[in-house]
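Here is a short note on side-chain contacts, for reading beside the model. Please keep the structure open as you go.

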Amino acid sequence: MRTLRQGCRTGVRSAGFSLVELLVVIGLVGLLVGLLLPAVQQSRASAARIQCLNNLRQIGLALHQHHDLHGRLPPQPAASGNPSDPNLLLRWPALILPQMDQAPLWDVSSQACQADPDATHNPPHVGNRTVIRSYVCPADPRLLSPLETPPGDLESLFSYTGIAGSPHGGTYVQLPGRLLLKSAGGVLGDKPGIHLANITDGTSQTLMVGERPPPASLQVGRWYAAASMLTQFPYPDGTMHIPESSYSPQDPCNPSDTGFGPGRLDNPCDRYHLWSLHGGGANFLFADGSARFLPYSAAPLMPALATRAGNEQVQLPE
């Protein structure tokens with residue numbers, strides 16, 4: 001009996017945590033989460049950048065396949081007297097739909113051009129609000145659904161823009177309320193499209209497509225219809241020059257001197273230069289079909305990389 005009483009007096013420690021121990025465990029878990037969160041975010045950002053590069057490589061392959069099939073980059077020479085020719089009505093990303101594994105959408109789009117020469121009308125132009133995943137950078141989930149653009153239409157937008165050249169050596173024409181760069185010697189933007197043999201600077205030294213997220217104002221970013229958005233200052237869209245020189249004198253924005261630098265979605269003026277949501281730089285597609293990330297420190301090289309026959313000597317950063 002004495003032994004039993006002693007056991008009852010001394011007792012056995014109950015299972016579980018004391019309040020102090022629980023607080024210590026919670027603190028350690030919070031510390032681990034705080035340490036892991038930046039690593040997870042960095043991993044996601046890295047994955048988005050790699051997927052974005054893969055998107056550009058797929059676009060580059062499609063452009064080369066289009067060239068192999070038609071003998072030039074898009075658009076093809078429009079059929080004389082045919083206002084329903086897709087080469088007149090659609091942008092270059094829409095013209096390479098068959099090479100982007102989107103043949104059914106291309107068939108629908110071609111028929112829609114015959115039915116209605118205004119490619120901004122949906123119906124019949126369902127492509128106007130069809131999201132193409134390869135045209136969307138994973139860092140910009142906004143574009144995974146059609147968005148309401150300033151005219152009030154639901155439209156699908158894309159994260160990239162073609163490189164039309166550089167104003168250096170180009171010629172200008174004055175249009176009502178707008179200055180237009182007539183010829184700047186780029187890879188995309190000529191009508192009809194150029195032959196790859198015209199790129200005498202070397203395809204590995206010439207830009208073809210770059211990143212440019214649509215601003216929150218959604219003034220630019222349309223990949224389907226060749227017509228500009230019916231809103232104030234709706235350019236540069238589809239293709240752009242580096243630096244951009246086609247703008248309205250009434251536009252409050254001042255185009256970048258180099259055409260490449262950091263930007264913000266809430267700044268509509270950043271539509272006038274190339275940038276990305278990755279941080280530190282942006283992804284680019286070169287005319288040889290390769291894609292690579294270039295830091296913003298490479299901005300001085302951009303005008304030379306944008307021309308196809310400028311005879312510039314460019315050393316790309318490692």
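The points below cover cysteines, aromatic rings, a surface patch and salt bridges.

1. Ground rules. This is a predicted model, in which local features need pLDDT of at least 70, side-chain atom pairs count only at pLDDT 80 or more, and totals for chains, interfaces and linings use all residues. Residues are numbered from 1 along each chain as its sequence is written, and side-chain values use heavy atoms, with hydrogens and water left out.

2. The disulfide. A disulfide here is a pair of cysteine sulfur atoms within 2.5 Å. The count by this rule is 1 disulfide. C253 is joined to C269, with S to S at 2.0 Å. The link is left-handed, with -80° about the S-S bond. Both cysteines sit in the loop between β7 (239–241) and β8 (281–286), 16 residues apart. Strands are DSSP runs of E, at least two residues, and helices are runs of H or I, at least four, numbered from the N terminus.

3. Cover at the disulfide. Buried means under 20% relative accessible area, exposed over 50%, and partly exposed in between (1.4 Å probe, protein chains only). C253 is buried at 3%. C269 is partly exposed at 23%.

4. Other cysteines. C52 is buried, at 0% relative accessibility. C113 is buried too, with a relative accessible area of 0%.

5. Aromatic rings. Rings of Phe, Tyr and Trp (its six-membered ring) pair if their centres lie within 6.5 Å; planes under 30 degrees apart are stacked, over 60 edge-to-face, and the rest tilted. The structure has 6 aromatic pairs. One of them is W223 with Y224: the centres are 5.6 Å apart and the planes at 85°, so the pair is edge-to-face. W223 is buried, at 0%. Y224 is also buried, at 0%. One aromatic cluster takes in W92, Y135, F158, W223 and Y224.

6. A charge over a ring. The test is NZ of Lys or CZ of Arg within 6 Å of the ring centre and within 35 degrees of the ring normal. The charged end of R49 sits over the F293 ring, 4.2 Å from its centre.

7. A nonpolar patch. V20, V24, L28, L31, L32 and L35 make a nonpolar surface patch of about 600 Å². Patch residues have over 30% relative accessible area and no salt bridge; nonpolar side chains (Val, Leu, Ile, Met, Phe, Trp, Tyr) are joined within 5 Å, like charges within 9 Å. Areas come from the Shrake-Rupley method with a 1.4 Å probe. L28 lies in helix α2 (residues 19–70). L28 is partly exposed, at 48%.

8. Salt bridges. Each is a side-chain nitrogen of Lys or Arg within 4 Å of a carboxyl oxygen of Asp or Glu. The structure has 7. D140 pairs with R142, with the closest N and O atoms 2.7 Å apart. D140 is buried at 3%, while R142 is partly exposed at 25%.

9. R308 and D190 form a salt bridge, with the closest N and O atoms 3.4 Å apart. R308 lies in the segment after α6 (302–306) and D190 in the loop between β5 (178–183) and β6 (207–211), so the pair ties together parts 118 residues apart in sequence. R308 is buried at 16%; D190 is partly exposed at 26%.
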